[in-house]
Amino acid sequence: MLHDRVLVDVDGGANERRSGGGILIPATVQMGRRLTWAKVVAIGPNVRAVEMGDRVLFDPEDRAEVEVQAKTYVLLRERDIHAVASDEVADGGTGLYL
C-alpha cells in the first residue's frame, strides 16, 4: 500500500438489512446515501488515524474495487473514511471517533 491508502474488506451482509420491525430489506432497494462498514486489511505508511483490523465507515459510492487472490476489496484514501469503530467505550462515549 502506498501513501494514505487503506484497503478494506466490506462486510458480507452489508447489502441486505432489516427494518426496525424485523422486515428484511433486499439489496436491490435503493435508499438515499447510506454509509457502509468495512474491516481494514492493509494500510499505507502515511495513514495516521486507522490501524489494521479497525472497522471503518465510508461512502460506498466513492470507492475503487480491487481483486486480490480471487477476493474483492475496496481501496480508499484515509480522508474518505467517516468514522472508526472502537472496541472499548471509554468515558460513556459512543465507541466511535471521527
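**Strands, core and a buried aspartate**

Threonine 36 stands opposite phenylalanine 58, which belongs to β5. The model is a predicted one, so to speak of local features a pLDDT of at least 70 is needed, side-chain atom pairs count only at pLDDT 80 or more, and totals for chains, interfaces and linings use all residues. Residue numbers start from 1 along each chain as its sequence is written, and side-chain values rest on heavy atoms, with hydrogens and water left out.

On the secondary-structure side, things are simple: the protein chain has 0 helices and 9 strands, helices being DSSP runs of H or I with at least four residues and strands runs of E with at least two, numbered from the N terminus. Written out from the N terminus, that gives β-β-β-β-β-β-β-β-β. Strands count as paired if DSSP finds at least two bridges between them. β1 and β4 run antiparallel and are joined by 5 bridges; here valine 10 has alanine 38 of β4 as its bridge partner. β4 is also antiparallel to β5, with 4 bridges joining them.

Next comes the inside. Buried residues (under 20% relative accessible area, against over 50% for exposed and partly exposed in between, with a 1.4 Å probe and protein chains only) account for 26% of the 98 residues in the protein chain.

Among contacts with a separation of 6 or more in the protein chain, 58% link residues 24 or more positions apart. Leaving out residues up to four places away in sequence, leucine 76 touches Asp4, Arg5, Val6, Val8, Phe58, Asp62, Arg63 and Ile81. Aspartate 4 sits in the segment before β1, and it counts as buried because its relative accessibility is 17%. Beyond its neighbours within four places in sequence, aspartate 4 is in contact with Asn46, Val47, Leu76, Arg77 and Glu78.

As for the rings, lysine 71 lies over the face of tyrosine 73, 5.8 Å from the ring centre; the criterion is NZ of Lys or CZ of Arg within 6 Å of the ring centre and within 35 degrees of the ring normal.

Key:
Contact = heavy atoms within 4.5 Å.
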